[in-house]
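Subject: Handover of a structure for your study

Dear colleague,

Please find below the sequence and the structure that I am passing on to you. My notes on what was found follow directly after it.

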Amino acid sequence: MRENSRIHSTQTPQRMNDLARHRVQCLIETHQKDLQAMLRRRLDCPQDAADVAQEAYRRLLKIIPAQDIQSPKALLFHIAGQLAVNVLNRRAWHDAKHDGDAALEEQTSRDHNPEQQLSLSQTQAVIRAAIDSMPPRRREAFVLHRFHHLTYPQIADILGISVAMVEKHVSAGLLTCRQHLHDAGLLEP
């Protein structure tokens, strides 16, 4: 046993990298279908699922040579889950920006009152600032619910938290937005 550990500790960095690549390759072969299925379910887009899986493998490959990982599968799925949340957040921000821009354009075309146009623009800016000020988990839950229209159970599955915790995050996010709007004088108490 001591001989084995001595041999392992004297391996060259290149040999360790080769071993790490081999471990990740084995993980890919063993869990690729399950990982892809989970990501397609969460992201509802095969291309995004493939991209996220590839990035998860790349990140895991960076971690494995530096550390001895107890459960590489769990780490792989965790990394992929976090990357999926990032993709959903980017989509939600894009959708929210697009929806906000479309609403502002529609309002502008119906109503040429510059004060109302300014008010809409200010409201959007305050809401964006409120969302940016939220802690990461709260922001993720809030954006997934309000802009991506996911249910609490779906969000709980994506974030790996309870439905009750999702409810708390979304409620707190709404309070944060209301407070920011109130502080900016755009909402009556």
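Cys26 has a relative accessibility of 33% and therefore counts as partly exposed; in these notes buried means under 20% relative accessible area, exposed means over 50%, and partly exposed lies in between (1.4 Å probe, protein chains only). Cys177, at 9% relative accessibility, counts as buried. The structure holds zero disulfides, a disulfide being a pair of cysteine sulfur atoms within 2.5 Å.

Please bear in mind that this is a predicted model, in which local features need pLDDT of at least 70 and side-chain atom pairs count only at pLDDT 80 or more, while totals for chains, interfaces and linings use all residues. Residues are numbered from 1 along each chain as its sequence is written, and side-chain values use heavy atoms, with hydrogens and water left out.

Salt bridges

Side chains of opposite charge can pair when their charged atoms come close. A salt bridge is counted when a side-chain nitrogen of Lys or Arg is within 4 Å of a carboxyl oxygen of Asp or Glu. How many salt bridges does a search of the whole structure find? The search finds three.

Two of these involve Glu55. The side chain of Glu55 meets that of Arg58 at 2.5 Å, N to O, and that of Arg59 at 2.8 Å, N to O. Glu55 and Arg58 are three residues apart in helix H3 (residues 46–63), so about one helical turn separates them. Arg59 also lies in H3, four residues from Glu55, which is again about one turn of the helix. Helices here are DSSP runs (H or I, at least four residues), and strands are runs of E of at least two residues; both are numbered from the N terminus. Glu55 is partly exposed at 22% relative accessibility, as are Arg58 at 38% and Arg59 at 35%.

A further salt bridge joins Glu140 and Arg137, at 3.9 Å, N to O. Both residues lie in helix H6 (residues 136–146), three residues apart, or about one turn of the helix. Glu140 is buried or partly exposed: which is it? At 10% relative accessibility, Glu140 counts as buried, whereas Arg137, at 30%, counts as partly exposed.

Leu159 and helix H7

Leaving aside neighbours within four places in sequence, the contacts of Leu159 are Val85, Arg137, Glu140, Ala141 and Leu144. Leu159 belongs to helix H7 (residues 152–159) and is buried, with a relative accessible area of 4%. Gly81 is 78 residues away from Leu159 along the chain, yet their C-alpha atoms are separated by 7.6 Å.

Which residues of H7 are buried? They are Ile155, Ala156, Ile158 and Leu159. These residues lie on the same side of H7, because they cover an arc of only 165° around the axis; the arc is that of the directions from the helix axis to the C-beta atoms. Just after H7, Gly160 takes a positive phi of about 70°.

Aromatic rings

A search of the whole structure finds one aromatic pair. Phe142 and Phe147 form this pair, which is edge-to-face, with 6.3 Å from centre to centre and 80° between the planes. Rings of Phe, Tyr and Trp (its six-membered ring) pair if their centres lie within 6.5 Å; planes under 30 degrees apart count as stacked, over 60 as edge-to-face and the rest as tilted. Phe142 is buried at 3% relative accessibility, while Phe147 is partly exposed at 23%.

Another ring has a charged neighbour. Lys73 lies over the face of Phe77, at 5.7 Å from the ring centre; a charge sits over a ring if NZ of Lys or CZ of Arg is within 6 Å of the ring centre and within 35 degrees of the ring normal. Leaving aside neighbours within four places in sequence, His31 is in contact with both Lys73 and Phe77. His31 lies in helix H2 (residues 13–43) and is buried, with a relative accessible area of 13%.

Yours sincerely

Notes:
Contact = heavy atoms within 4.5 Å.
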